[in-house]
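Dear colleague,

I am passing on the structure below, together with some notes on its aromatic residues. Please read the notes with the model open beside them.

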Amino acid sequence: MKIKISFWNNKWLWTAILFCVAVLFSCLQPLQFVEGGEFTFFSMLALVLIGYFFGWKQMFVSTVAFIAVKIWIDWPFPNLKPDAEISDYIFGYGVLIIGGIIAHKKDNLKLGYIVAVTLRYIESIINCLIFHYIATDSVWANVKEAFGYSALYVISEAVVTLVILFIPKVIEAIEYWKYVSNNDMPIDLDTY
């Protein structure tokens, strides 16, 4: 006897699961930097996976919710510029939506993730230059600081994640997860 369980292709349920994974991973911060950045494991990937699996609606809703939850968790911010942190969360995580949509449209997770991380890195540099500009230093010193500081937490997380994404079994598991979360899976009750 075979039955269909709607749990398997419930997009909002899987979106909630990936959202929780993104929040959990964003809280695991082995490195935190004085001015607000932190190195996390796979938090950006979990958000991009939502877009990759389901498209823009789930990506948009989950990213807005993620931004709100991150602001709530991290409040009050450790540095003296909360507007810099809030701006970084809104725009920095907001640009991940584009990567998730590209991953979904092109059916290419690595491409979408690279686009998302590149946009996140650019946003982080701009945020550093706007909110953390040191007037006593030269423009070049500020630009170098922004590029280097942003690379510490954005690019380092991206490198670790991309190394993992180039393992064939990991991509195979993600593709299976995508299939399972978008299709009804029959369960053969005779085998139980």
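The notes below cover confidence first, then the aromatic rings.

This is a predicted model, in which local features need pLDDT of at least 70 and side-chain atom pairs count only at pLDDT 80 or more, while totals for chains, interfaces and linings use all residues. Residues are numbered from 1 along each chain as its sequence is written, and side-chain values use heavy atoms, with hydrogens and water left out.

The mean pLDDT (the predictor's confidence in each residue, from 0 to 100) is 83, and 84% of the residues reach 70 or more.

Nine aromatic pairs were counted, where rings of Phe, Tyr and Trp (its six-membered ring) pair if their centres lie within 6.5 Å, with planes under 30 degrees apart called stacked, over 60 edge-to-face and the rest tilted. One of them is the edge-to-face pair of Tyr 121 and Phe 147, at 6.2 Å centre to centre and 75 degrees between the planes. This pair links distant parts of the chain, with Tyr 121 in helix α6 and Phe 147 in helix α7, 26 residues apart; helices here are DSSP runs of H or I of at least four residues, numbered from the N terminus. Tyr 121 is buried at 16% relative accessibility, whereas Phe 147 is partly exposed at 39% (buried means under 20% relative accessible area, exposed over 50%, partly exposed in between, with a 1.4 Å probe and protein chains only).

Trp 14, Tyr 52, Phe 53, Phe 54 and Trp 177 form one aromatic cluster.

Methods. Helix = DSSP H or I, 4+ residues; strand = E, 2+ residues; numbered from the N terminus.
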